[in-house]
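The coordinates to be read alongside it are shown here.

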Amino acid sequence: MVNFPFEYTKDGAILRIKANPGAQVTEVKGMWEDKDGRVFLKINIAAAPEKGKANKELIRFLADELKVAKSDVEIVGGETDNYKKVLVGSIHGSNDY
């Protein structure tokens with residue numbers, strides 16, 4: 001079974017992110033699996049983890065990459081942790097594929 005770093009909800013998609021703040025460049029570095037088998041999207045963030053700077057940069061980056069408004073991207077878990085859950089509200093799952 002393949003695990004993905006997201007799940008669909010009625011409100012959109014929740015991305016599981018392993019954030020690495022303080023990097024030189026904000027970029028996706030791949031996938032990472034924890035000891036419980038949960039898969040995370042590993043993202044380096046070019047902002048310090050202070051006063052919400054890294055979270056703001058993560059939201060900006062995801063909105064740009066996913067081509068959605070920043071207002072459609074919300075950290076819903078792990079705001080002060082490296083392991084985050086991010087709701088992208090304008091992405092909805094569908095069985096029509």
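## Strand pairing around β4

In this predicted model, N20 stands opposite N44 of strand β4. The two strands involved, β2 and β4, run parallel and are joined by 5 bridges. N44 also has E27 opposite it.

β3 and β4 form a hairpin with 5 residues between them. In its turn, G37 has a positive phi of about 85°. How enclosed is β4 by the rest of the structure? Of its 7 residues, 5 are buried, so the strand is largely enclosed by the rest of the structure.

## E33 at the end of β3

E33 lies in strand β3, which covers residues 27-33. Leaving aside residues up to four places away in sequence, E33 touches R38 and V39. K18 is 15 residues from E33 in sequence, and their C-alpha atoms are 9.6 Å apart in space.

## Nonpolar core

The largest nonpolar core has 17 residues. Those with the most contacts inside this core are I17, I43, I45, L58, L62, V73 and V86. At least two core residues come from each of β2 (12-21), β4 (39-45), α1 (53-66), β5 (73-77) and β6 (83-88). The largest share, 6 residues, is supplied by α1.

I17 can be followed as one example. Not counting residues up to four places away in sequence, I17 touches F40, L41, I43, L58, L62, N82, Y83, K84 and V86. Among these partners, I43, L58, L62 and V86 are also listed with the most contacts inside the core.

## Aromatic pairs

A pair of aromatic rings is described by the distance of the centres and the angle of the planes. The search of the whole structure finds 5 aromatic pairs. One of them is F6 with Y8: the ring centres are 5.6 Å apart and the planes stand at 65°, so this pair is edge-to-face. F6 has a relative accessible area of 33% and is partly exposed, and Y8, at 48%, also counts as partly exposed. Another pair, F40 with Y83, is edge-to-face too, at 5.4 Å centre to centre and 70° between the planes.

Which parts of the chain does the pair of F40 and Y83 tie together? F40 lies in strand β4 and Y83 in strand β6, so the pair links parts that are 43 residues apart in sequence. F40 counts as buried at 6% relative accessibility, whereas Y83 is partly exposed at 34%. Elsewhere, F4, F6 and Y8 form one aromatic cluster.

## Chain totals and confidence

The secondary structure consists of 1 helix and 6 strands, in the order β-β-β-β-α-β-β along the sequence. The protein chain has 97 residues, of which 35% are buried. Among contacts between residues at least 6 apart in sequence, 44% join residues at least 24 apart. The accessible surface comes to about 6400 Å², and 49% of this surface belongs to carbon and sulfur atoms.

The mean pLDDT of the chain is 90, and 90% of the residues reach 70 or more. Over residues 93-97 the pLDDT is below 50, and this stretch has 1 contact in the model beyond near neighbours in sequence.

How values were computed: Residues numbered from 1 in each chain as written. Predicted model: local features only at pLDDT ≥ 70, side-chain atom pairs only at ≥ 80, totals over all residues. Heavy atoms only, no water. Helix = DSSP H or I, 4+ residues; strand = E, 2+ residues; numbered from the N terminus. Buried < 20%, exposed > 50% of the residue type's maximum accessible area, 1.4 Å probe, protein only. Contact = heavy atoms within 4.5 Å. Areas by Shrake-Rupley, 256 points an atom, 1.4 Å probe, with all protein chains shown as cover. pLDDT = per-residue confidence, 0-100. Core = buried A, V, L, I, M, F, W, Y, C linked by side-chain atoms within 4.5 Å. Pairing = 2+ DSSP bridges. Phe/Tyr/Trp six-rings, centres within 6.5 Å; stacked < 30°, edge-to-face > 60°.
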